[in-house]
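Please walk me through this structure.

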Amino acid sequence: MPQTKRTLSGVLGGLLGLVGLSAVAGVLVTAAVTPAIAVAGVTGSQALTIFDNLPNSLTPNPPMEPTEFYGTGEDGQPFQLAKFFDQNRVPVTFEQVSPLLYDAILSSEDKNFYEHGGVNLLQTMKAAVENFTGSSSRGASTITQQYVKNALIQECEQGVSPGEEDYDVKIQQCFEGAAQSKGAEGIERKLQEMRYAVQIEKDYSKNEILLGYLNVSNFGGTTYGIEAAANRYFGTSAASLTLVQAATLAGMVQEPNLLRIDRPEEGTWTDKDGVAHNTAADGYATTRDRRDYVLGQMLKNGQITEEQHAAAVEAPIEPNLTQTTQGCAAAGANAYFCQYVKSVVESDEAFGATPEKRVENMRRGGMQIYTSLDMRVQGPAVQAVRERVPAAMPGILVGGAGVSIEASTGRILAIAQNTDFSESSNASLANGQSSQVFAADKKHNGSTNGFETGSTWKLFTLLEWLERGHSVNEVLDGRYPVSGSFAQCGGTYTLARDKSSKNFGNGRGSVSSVRSFTAASLNTGFLAMAQKLDLCDINKMAKRLGVHYGNMGDVTTDGSAPNDPFPTVLGSKSVAPIQMAGAYATVANKGIFCEPRVIDKIVAQDGKEIPLPKTSCTQVISPEVAATAAYALRGVMEGGTGSGANPNDGIQVIGKTGTAEVSHTMLVESSTNVTTAVWVGNADGREDLKNFRAHGIRLNDIRYPLARDLQRAANRVYGGDRFPEPDRGLTRTVPKDLPSVVGKSVEEATQILDAAGFSVQVGEPMDSEVGAGLVAEQTPGAGRVASGTTVTLRPSTGNKPATVPNVTEGPFNQAKAKLEGAGYGVSAEGCKNGSTVNGQNPPANTAAAAGTVVTLTCAGDG
């Protein structure tokens, strides 16, 4: 273990000629500085001035460190999702490095490190003169000076932005400027290095300097720092290095790219004959020579025994290379979630004022970004999407995605996709490869335009309907065709009868309630609702709930007909699934919309938390509207079009299905706690999904089991409560005026009632005074009745109706026989033979059809 104590004589010896230079200038300039400067044609007095004018204070910047993304594992603990870096570095504390490594580095680089004051003056000036004259290229620097050199290189590199033009050239210039300057520049660099080294020795302890050197130094390629080097080359930690490994790494730090051992085939240098050296074939001979030198120095300094030395020198260099992959590809099946997080870091000003600064901070800033990814939900989501939606299919560029969001916070818990993540220029959807996040919008690396939502868009008509005070139990004529005028931003949009949208399966539709329209996803029903609203307000409702086009466009202003009833009501608008999930989550969250977010915590390089990207939760619809919408949307999942996606696990869910022509399907469902949206469709193109099957299921039907699997996984973890009861006013029965149609023909009566919004059924004919075939009776009769009531019409037979005979004042047995003989039934509770009948209902001489039951009352026993 290195010594930590510095002696007074060692400090004074190292500082001689540098600290208080003007007081001892004669000695130093004569002994050390002047000969070097004189070579450059500078006088001794000028040398003193040059030295005095050099900067004398260096505060090493924190070195570049990777930014790491973390998710939460199934055990509830954070795990690394991905990392991004220019320099792969894992800083360690002093105690996290093997004593063998300290001994190896000091023996070979600076055996008197704990004794000198930061500078070996005579050796440094001798090396400076030799560098100037070209007779040598050695550095003769102490560990402190090497730390200064690396800190200056790091500072220079930090001034070059990753996206800057000629980036690689400028990075190389940083190294050359700090480490390879020749002639007068080299002498000045050495003088500056010396001056900084003295200051560093005063500001930091020896252990801090040594550790700083090991944390900042390059070990080949993008591997920086002793921990990353131990991981990369030997698959171990700095604390667990063996003697052979420690000596190898201590040797590599001198010329890292020459001595690196992660190029077993091509080696690190080629001779004049084109033969590669330092390969696995030659046992990494160049690196081994340097390692053996280090081992020899350790033996010479008494840090290892003869036996240890002999065994170590005999040992081969055996790399155990660990691939360090950066970027979202390292996240495997979670890469699309990672890609979404990356897009937030690259676009949000919380991570830097400019795009360039944000990229720089991500690749160098050493942030630890803890995301909302929950593997308890993500794992089953990935499995379900991968098992149900093939990555590629002949004849169609198929896509499938699922996303789950915590309704009360907007935290995205899972993003799963059917394709294999690839950022290669050769990636192809035809081969099941993509870097696009199908669930996301363009800003978050999603599809360029998003995907058509189909009838999931009907949510916004339903919400606007309720917000305008309409009831879900209001009954409308939702039969095909729907035509006429639609209010549009104060103007009018006219829909011709031959342009009306048909229903699924070409069904005619019905006169029914809004709740029934919702459960059945009836196109014509929702168009009838829209005729009582303003199309512009429906689109504004979507915008209030956080919805925008996949290309980031405003859903209230698109193209020449922004409020055409078909995209506005029936959902041909192209939107990302995450935005649709956020909208339905608003309903589940009592009308509070929470912007989707993926970052829970950010820890800076210094261990302090950084403010999160700004997101908000806002009450955008009333709790009453939200509760009533949920009441209607429950019908979708409980017997309606979404029943096949209901997890049926005891947790109440709401939801909505959607099919956009033949190319796209969506399904959104939610408990009170988590909302899930799935999409299956054409990632590109317009192929008919019904023509393709996966695992025996048509592509347009995969959304049902897919959404069910994702929601069930979320319910297992987050649970859910019963949705609030709907608002009474928004579920009221709405009365309408029912006209009288008695005396009309059945055909005319039906037309009248149909136009008034009532359903009609024709009952059994009855005897009546009105002409044959005309309506003799309607039930219910004219007046205020519930809208949508079914009216029963009974046509006349044309026969005069029979009248009930008078049977009062006679004995019961005679009255009963008389009535039954006339074709009527008898009800006479309490009457007996001999009793006198004193009342009858219907009364005597009242018209009543045969079969009518006449109720008799009696005066007593006879």
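Lys601 lies over the face of Tyr370, 4.9 Å from the ring centre. A charge counts as over a ring if NZ of Lys or CZ of Arg is within 6 Å of the ring centre and within 35 degrees of the ring normal. Arg376 sits in this way over the face of Tyr718, at 5.8 Å from the ring centre.

A word on the basis. This is a predicted model, in which local features need pLDDT of at least 70 and side-chain atom pairs count only at pLDDT 80 or more, while totals for chains, interfaces and linings use all residues. Residues are numbered from 1 along each chain as its sequence is written, and side-chain values use heavy atoms, with hydrogens and water left out.

A search of the whole structure finds nine aromatic pairs. Rings of Phe, Tyr and Trp (its six-membered ring) pair if their centres lie within 6.5 Å; planes under 30 degrees apart count as stacked, over 60 as edge-to-face and the rest as tilted. Phe69 and Phe84 make a tilted pair, with 4.9 Å centre to centre and 50° between the planes. Phe69 belongs to strand E1 (residues 67–72) and Phe84 to strand E2 (residues 78–84), so the pair ties together parts that are 15 residues apart in sequence. Helices (H or I, at least four residues) and strands (E, at least two) are DSSP runs, numbered from the N terminus. Phe69 is buried, at 0% relative accessible area. Phe84 is buried too, at 2%. Here buried means under 20% relative accessible area, exposed over 50%, and partly exposed in between (1.4 Å probe, protein chains only).

Tyr336 is buried at 1% relative accessibility. Phe421 is buried as well, at 15%. Elsewhere, Phe438, Phe451 and Trp679 form one aromatic cluster.

Now follow strand E8. Nine of the 10 residues of E8 (residues 397–406) are buried, so the strand is largely enclosed by the rest of the structure. Which strands does E8 join through bridges? One is E23 (residues 674–684), which runs antiparallel to E8 and is joined to it by 10 bridges. Strands pair if DSSP finds at least two bridges between them. Gly399 stands opposite Gly681 in E23. Another is E9 (residues 412–417), also antiparallel to E8, with five bridges. Val403 stands opposite Ile415 in E9. The hairpin of E8 and E9 has five residues between the strands, and Gly410 there takes a positive phi near 85°.

Ile415 leads on to the core. In the largest nonpolar core, of 122 residues, Ile415 and Phe460 touch the most other members. Such a core is a set of buried Ala, Val, Leu, Ile, Met, Phe, Trp, Tyr and Cys residues joined through side-chain atoms within 4.5 Å. Leaving out residues up to four places away in sequence, Phe460 touches Ile538, Met541, Ala542, Leu545, Val547, Met580 and Ala583. Contact means heavy atoms within 4.5 Å. Apart from this core lies another, of 55 residues, with Leu214, Leu259, Leu295 and Ala315 among them. In soluble globular proteins, nonpolar side chains tend to be buried together.

The structure holds five. A disulfide is a pair of cysteine sulfur atoms within 2.5 Å. Cys156 is joined to Cys174, S to S 2.0 Å. This link is left-handed, with -70° about the S-S bond. Cys156 lies in helix H6 (residues 143–158) and Cys174 in helix H7 (residues 167–179), so the pair ties together parts 18 residues apart in sequence. Cys156 is partly exposed, at 34%, whereas Cys174 is buried, at 3%.

Cys831 and Cys858 form another disulfide, with sulfur atoms 1.9 Å apart. Its torsion about the S-S bond is about 115°, so the disulfide is right-handed. Counting bonded cysteines along the chain, the disulfides follow the pattern 1-2, 3-4, 5-6, 7-8, 9-10.
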